[in-house]
Amino acid sequence: MRVRTTAAVAAVSSLALLTGCGAADMTKQASPFANAQGAKTVTMSVQSWVGAQANVAVAQYILEHELGYRVDTVQVDEVPAWDALSQGRVDAILEDWGHPEQEQRYVKDKKTITAGGELGVTGHIGWFVPTYLAKKYPDITNWKNLNKYSHLFRTPESGDKGQLMDGSPSYVTNDKALVKNLKLDYQVVFAGSEAAQITQMRQFAKEKKPFLTYWYSPQWLFKKVPMTEVKLPPYKEGCDADPEKVACAYPHTPLQKYLNSGFAKNGGKAAAFLKKFKWTTEDQNEVSLMIADKKMTPEDAAKKWVDSHRSTWKKWLS
């Protein structure tokens, strides 16, 4: 269901839409410009989901075209991105979905990472079924009834159990623990990436087949495939503290930005801009839809959004 900055003049790497099995760990292949001295260059980490790519695309476009920076992007998984940020290999994460262990280590204890403020978007992970299925079986949206319907979700990958489809194993997920602790007759099956998961869901929806999936908002796909959330046991503070014992829903998480502390202090206009970068769920979905569904390049999608939302991003530069 994520970004960074710093230093030396060179070619700008373009932001690619990622479709592999989660993001590769490129911590040791970070930009050669990270932590260089004197040049106006920013290095940002980009994760494999399209919402994160939308953040980076717009930030990159404004940094380059309005502030005169060179921008390099590095593909890093969620947890390794914190390590890279702490080491100064990248300068900012624009969309973090909550990593309390890393926050305690790097922000509170080592102080090598600085909180960069809220992104303006609230994230929520949950289990969803297509709305056409929820209309046919209204009680399917309560987790207590899922076992009654597990036969509807069987696939070759899940065997005699129902399939709970997840995306990349690198994403934040409690699903295996939830299935075990709630005693559900389901098997977690990873599609491999957000793109692969979307392909499967669109195919199921086209054929009006049942599916149960780990999914998250904000996400542009809801506009194309209406889905209804399955109610899990209510989330309460601390109910997910032990990963092995989780038996509650995912929280609603105001998504956060984080900066390398050295960059936060000495990153000049780029650091100031990234701290002020804050937009809405609707803004993010607008850009995500252009990238993922309309197949625009991230740069073209960012330009289109920037051209039509001048009053929004101008505030980030003041």
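**Notes on a predicted model**

Colleague: Which residue lies over the face of Tyr-69, and at what distance from the ring centre?

Modeller: Lys-40 lies over the face of Tyr-69, at 4.8 Å from the ring centre; a charge sits over a ring if NZ of Lys or CZ of Arg is within 6 Å of the ring centre and within 35 degrees of the ring normal. Arg-105 is placed over the face of Tyr-106 as well, at 5.5 Å from the ring centre. The model is predicted, with local features needing pLDDT of at least 70 and side-chain atom pairs pLDDT 80 or more, while totals for chains, interfaces and linings use all residues. Residues are numbered from 1 along each chain as its sequence is written, and side-chain values use heavy atoms, with hydrogens and water left out.

Colleague: OK, how many aromatic pairs does a search of the whole structure find?

Modeller: The search finds 17 aromatic pairs, where rings of Phe, Tyr and Trp (its six-membered ring) pair if their centres lie within 6.5 Å, and planes under 30 degrees apart count as stacked, over 60 as edge-to-face and the rest as tilted. One of them is the edge-to-face pair of Trp-49 and Tyr-171, with 5.3 Å centre to centre and 85° between the planes.

Colleague: Is Trp-49 buried or exposed? And Tyr-171, buried or exposed?

Modeller: Trp-49 is buried, at a relative accessible area of 3%, and Tyr-171 is buried too, at 4%; buried means under 20% relative accessible area, exposed over 50% and partly exposed in between, with a 1.4 Å probe and protein chains only. Ring pairs also link Trp-49 and Tyr-171 with Trp-97, Tyr-214, Trp-215, Tyr-216 and Tyr-250 into a cluster.

Colleague: What does the side chain of Trp-49 have to do with Glu-95?

Modeller: A polar contact of 2.8 Å joins the side chains of Glu-95 and Trp-49. By polar contact I mean a pair of N or O atoms within 3.5 Å, where within protein one must be able to donate a hydrogen and the other to accept it, and residues adjacent in sequence count only if both atoms are side-chain atoms. Glu-95 lies in strand S3 (residues 92-96) and is buried, with a relative accessible area of 2%, and a polar contact of 2.9 Å joins its side chain to that of Gln-284.

Colleague: Changing topic, which residues line the largest cavity?

Modeller: The lining of the largest cavity includes Trp-49, Trp-97, Glu-194, Tyr-216, Pro-218 and Gln-284; on a 1 Å grid over the protein atoms alone, a cavity is a set of points where a 1.4 Å probe fits but cannot get out, and lining residues have an atom within 4 Å of a point. H1 and helix H9 (281-292) are the elements that give two or more residues to this lining, and H9 gives the most, with three residues.

Colleague: Where is Pro-218 found, and what is the peptide bond from Ser-217 to it?

Modeller: Pro-218 is found in the loop between S7 and strand S8 (227-230), and the peptide bond from Ser-217 to Pro-218 is cis, with omega near 5°.

Colleague: And Thr-213, where is its place?

Modeller: Thr-213 is in strand S7 (residues 212-217) and is buried, with a relative accessible area of 0%, while its side chain makes a polar contact of 2.8 Å with the side chain of Gln-197.

Colleague: How far apart are Asn-260 and Leu-85, in sequence and in space?

Modeller: They are 175 residues apart in sequence and 5.4 Å apart in space, C-alpha to C-alpha. The backbone oxygen of Leu-85 lies 2.8 Å from a polar atom of the side chain of Asn-260, and Asn-260 counts as buried, at 8% relative accessibility.

Colleague: Last one: what is phi of Lys-208, and of Lys-295?

Modeller: Phi of Lys-208 is near 55°, a positive value in a residue other than glycine, and this lysine lies in the loop between helix H6 (194-206) and S7, exposed at a relative accessible area of 56%. Phi of Lys-295 is near 60°, a positive value as well, and Lys-295 is in the loop between H9 and helix H10 (298-308), where it is exposed at 66% relative accessible area.

Definitions and conventions. Helices (H or I, at least four residues) and strands (E, at least two) are DSSP runs, numbered from the N terminus. On a 1 Å grid over the protein atoms alone, a cavity is a set of points where a 1.4 Å probe fits but cannot get out, and a pocket is an open set with protein on both sides within 12 Å along at least five of seven lines; lining residues have an atom within 4 Å of a point.
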